[in-house]
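Here's a walk through one protein model, helix by helix. Have the sequence and the 3D view open while you read.

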Amino acid sequence: MGINRTNIADHLLQYQLDMVGKTLAEAYKNENWWHEWTITEEQHEQFKNYAIPLIKKVFKCNRRKAEATFGWFDLSFGLRIDNEKTENNEDLQDQI
C-alpha cells in the first residue's frame, strides 16, 4: 500500500522526524516533542521540496493548493525551525 489521503500526514511527519533521527513512536512517548525537536532552515526547505510535489500527487491538486495544504500541515505538525542552529551552520560554513 502506497501513500494515500489516509496516511499522508503520518508519512510526512515520519519523513520530517527521520531528518532529526526520531520516530513517531518516540514522538508518542514524548509530550514535549514539538518543543524539544527542531530542524534547520535547510532541512525545512528540503522537507518542503519533498512534501509539496507529494501533496500534489496524492490530492491531485495544483501547486498553489498543495502549497496551502503544506502550510497548514507545517503550522499544525511541522517541527520548529531553530534559527540558532541555522545561524551556527552559516557561521561554520563561513569559517571553512
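Arg63 and Glu67 both sit in helix α5 (residues 63-77), 4 residues apart, which is about one turn of the helix. Their side chains meet in a salt bridge, 3.1 Å from N to O. The term salt bridge is used here for a side-chain nitrogen of Lys or Arg within 4 Å of a carboxyl oxygen of Asp or Glu. By that rule the count comes to 1 salt bridge.

The cut-offs are under 20% relative accessible area for buried, over 50% for exposed, and partly exposed in between, using a 1.4 Å probe and protein chains only.

## What you're looking at

This is a predicted model, where local features need pLDDT of at least 70 and side-chain atom pairs count only at pLDDT 80 or more, while totals for chains, interfaces and linings use all residues. Residues are numbered from 1 along each chain as its sequence is written, and side-chain values use heavy atoms, with hydrogens and water left out.

The protein has 6 helices and 2 strands, running α-α-α-β-α-α-β-α along the sequence. Helices (H or I, at least four residues) and strands (E, at least two) are DSSP runs, numbered from the N terminus. Of the 96 residues, 32% are buried. Take the contacts (heavy atoms within 4.5 Å) between residues at least 6 apart in sequence: 65% of them join residues at least 24 apart.

Now for the helix pairs. Two packed helices are described by the angle between their axes and the distance between the axes. The axes are lines fitted to C-alpha atoms, for helices over the stretch in contact, and the angles run from 0 to 180 degrees between N-to-C directions.

Helix α1 (residues 8-19) and helix α4 (residues 41-59) have axes that come within 11 Å and cross at roughly 160°. That's why α1 and α4 count as roughly antiparallel to each other. On this scale, angles under 35 degrees are roughly parallel, over 145 roughly antiparallel, 65 to 115 roughly perpendicular, and the rest oblique. The crossing of α1 and α4 is right-handed; a crossing is right-handed if the near helix is turned clockwise from the far one by less than a right angle, and left-handed if anticlockwise. From α1, the contact uses Ile8, His11, Leu12, Tyr15, Gln16 and Met19, while α4 brings Gln43, Gln46, Phe47, Tyr50, Ala51, Leu54, Ile55, Val58 and Phe59. By class that gives 11 nonpolar, 4 polar and no charged residues. Here Ala, Val, Leu, Ile, Met, Phe, Trp, Tyr, Cys and Pro count as nonpolar, Asp, Glu, Lys and Arg as charged, and the others, Gly among them, as polar.

## α5 and its two partners

How do the axes of α4 and α5 cross, and what is the distance? They come within 9 Å and cross at roughly 125°, which means α4 is oblique to α5. This crossing is right-handed. On the α4 side are His44, Phe47, Lys48, Ala51, Ile52, Ile55 and Lys56, and on the α5 side are Arg63, Ala66, Glu67, Thr69, Phe70, Phe73 and Asp74. The residues of this contact split into 7 nonpolar, 2 polar and 5 charged.

α1 also meets α5: the axes come within 12 Å and cross at roughly 60°, again with a right-handed crossing. Ala9, Leu12, Leu13 and Gln16 of α1 touch Phe73, Asp74 and Phe77 of α5. That contact has 5 nonpolar, 1 polar and 1 charged residues.

## Outside the helices

Lys60 is in the loop between α4 and α5. Although Lys60 is not a glycine, it has a positive phi of about 50°. Lys60 is exposed, with a relative accessible area of 73%.

Lys22 is in the loop between α1 and α2 (24-29) and is partly exposed, at 24% relative accessible area. Leaving aside neighbours within four places in sequence, Lys22 contacts Gln14, Leu17 and Trp37. Gly2, in the segment before α1, is partly exposed at 48%, and its C-alpha atom is 10.0 Å from that of Val58.
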